[in-house]
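Hi everyone, thanks for making time this morning. I'd like to walk you through one model, and please stop me whenever you like.

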Amino acid sequence: MSNRNEQLFERAQRHIPGGVNSPVRAFRSVGGAPRFFVEGRGPRVTDADGRSYLDYVGSWGPLILGHAHPEVVRAVQETAARGLSFGAPTEIEVDMADLLCELLPSLDMVRLVSSGTEATMSAIRLARGYTGRDALIKFEGCYHGHSDSLLVKAGSGMLTFGNPDSGGVPADLAQHTLVLAYNDVAQLEAAFAEHGERIAAVIVEPVVGNMNLVAPTAEFLKAMRDLCTRNGSVLIFDEVMTGFRVGPQCAQGHYGITPDLTTLGKVIGGGMPVGAFGGKREIMEKIAPLGPVYQAGTLSGNPVAVAAGLATLRLVQQPGFYADLTRKTKALCDGLTAAAARHGVAFSAQSVGGMFGLYFRAACPTSYAEVMTCDKDAFNRFFHAMLDAGHYFAPSAFEAGFVSAAHTDADIAATVAAAEAVFKAW
Ligand SMILES: *Cc1c(COP(=O)(O)O)cnc(C)c1O
């Protein structure tokens with residue numbers, strides 16, 4: 001059936017490694033040829049064969065308003081018409097910084113970059129520069145972009161420093177990163193007891209969205225805050241995914257925990273390349289040109305990209321926006337869970353704000369080890385059946401999903417009905 005998609009994928013593989021510019025797009029995990037999209041409007045996307053899908057990926061999170069929101073598109077067009085980039089300050093960057101600091105009380109100052117990866121990489125350099133320490137703590141299953149210090153997996157024991165999790169990452173660098181289990185307070189305490197005075201920073205996804213969705217326990221977030229404070233380590237909330245996705249004050253507002261530094265991306269660019277890192281003034285003042293920690297970018301704070309982000313952030317401030325998004329996302333999870341239960345399929349689902357996790361296992365997982373027990377073959381079957389029925393979920397059992405404000409109750413009901421038919425034939 002999908003001739004044009006397959007032809008494009010074949011052509012793409014000639015000059016692009018794997019045919020894609022980011023690996024998960026290649027459908028390797030679920031099999032088959034990826035869909036090439038030609039258009040997106042509201043909650044729907046259209047592929048190269050003219051097939052339309054309800055989209056639960058939303059460009060992996062940024063499109064909280066759905067595709068091609070008229071006000072976002074207009075902001076981009078008007079800004080672009082006045083020049084694409086200056087490599088000099090523009091007022092719109094100041095507007096963006098002011099708005100971010102107003103919306104997130106933990107930000108005294110913020111710097112704009114062009115991706116989430118740059119934001120986390122820079123925040124870590126800053127934390128190391130500020131503390132004069134090298135060691136980092138991260139958690140298994142959390143993804144913080146593809147910079148060297150963060151592509152690290154656990155060492156031989158959980159309290160030993162890590163090993164590279166990618167070719168091309170020097171072991172010398174991985175050696176500064178300790179990889180611990182998510183939601184494991186005892187292990188975190190043990191790590192600080194042993195290495196506390198060496199730890200520059202703890203970086204965490206306050207709701208994990210990169211091993212499917214794993215929610216934090218209140219004790220875990222609180223332990224992280226207390227241990228960082230006591231040991232003079234910088235607590236970095238990587239809110240690239242959760243920022244303005246789970247609520248109006250991101251995960252930090254949702255759970256009531258204040259990090260020292262926050263990284264942002266995805267929603268704050270509204271579909272254009274914008275990232276940011278910010279936090280306490282005394283830390284942020286260590287960044288060049290005020291301080292000794294170097295960080296720069298030719299296209300940082302690009303006015304066209306920032307215009308899309310600013311328009312998006314203004315629209316999500318409408319009263320009731322997150323209540324409605326949260327309600328619809330929960331309705332999707334509850335509907336899918338009930339449909340699976342009616343047909344005896346081992347399945348669970350949960351949501352936080354506008355992000356959700358679907359699991360082919362009886363209960364929602366709380367750690368990477370539990371996520372790994374999900375039935376991957378069952379997910380792949382579900383994925384392809386839903387794709388054929390016109391519902392586009394992330395092409396991997398280990399990714400979170402996203403609902404946008406453009407999804408209507410009828411869209412959610414249509415997806416639940418399609419899933420019911422899939423589970424019935426299970
Ligand atoms: C997507 C993501 C990143 C990386 O952002 P890019 O814009 O893809 O570089 C970092 N951290 C988290 C939590 C993310 O979800």
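This is a predicted model: local features need pLDDT of at least 70, side-chain atom pairs count only at pLDDT 80 or more; totals for chains, interfaces and linings use all residues.

T117 places a polar side-chain atom 2.6 Å from an oxygen atom of the ligand. For G116 the atom in question is a backbone N or O, and it sits 2.8 Å from a ligand oxygen. N210 has a polar side-chain atom 3.0 Å from an oxygen atom of the ligand. As for cover, the ligand on its own has 380 Å² of accessible area, and the protein covers 82% of that.

Let's turn to the domains. Domain 1 is made of two segments, 3-68 and 319-424, while domain 2 runs over 70-316. Their C-alpha centres are 25 Å apart.

How many residues are in contact between them? On the domain 1 side there are 30, and they touch 32 residues of domain 2. The size of an interface is often given as accessible area lost when the parts come together. Here, about 2500 Å² is buried between domain 1 and domain 2, with carbon and sulfur atoms giving 66% of it. Within domain 1, Y322, V352 and M355 lose the most area to domain 2, and together they account for 26% of what that side buries.

Finally, the polar side of that interface: 10 residue pairs are in polar contact across it, and the salt bridge count between the two domains is 0.

Notes: Residues are numbered from 1 along each chain as its sequence is written. Side-chain values use heavy atoms; hydrogens and water are left out. A polar contact is a pair of N or O atoms within 3.5 Å; within protein, one must be able to donate a hydrogen and the other to accept it, and residues adjacent in sequence count only if both atoms are side-chain atoms. Accessible areas come from the Shrake-Rupley method with a 1.4 Å probe; for residues, only the protein chains shown count as cover. Domain bounds come from an automatic or database domain assignment. Contact means heavy atoms within 4.5 Å. Buried area is the accessible area (1.4 Å probe) that two parts lose on being put together, summed over both. A salt bridge is a side-chain nitrogen of Lys or Arg within 4 Å of a carboxyl oxygen of Asp or Glu.
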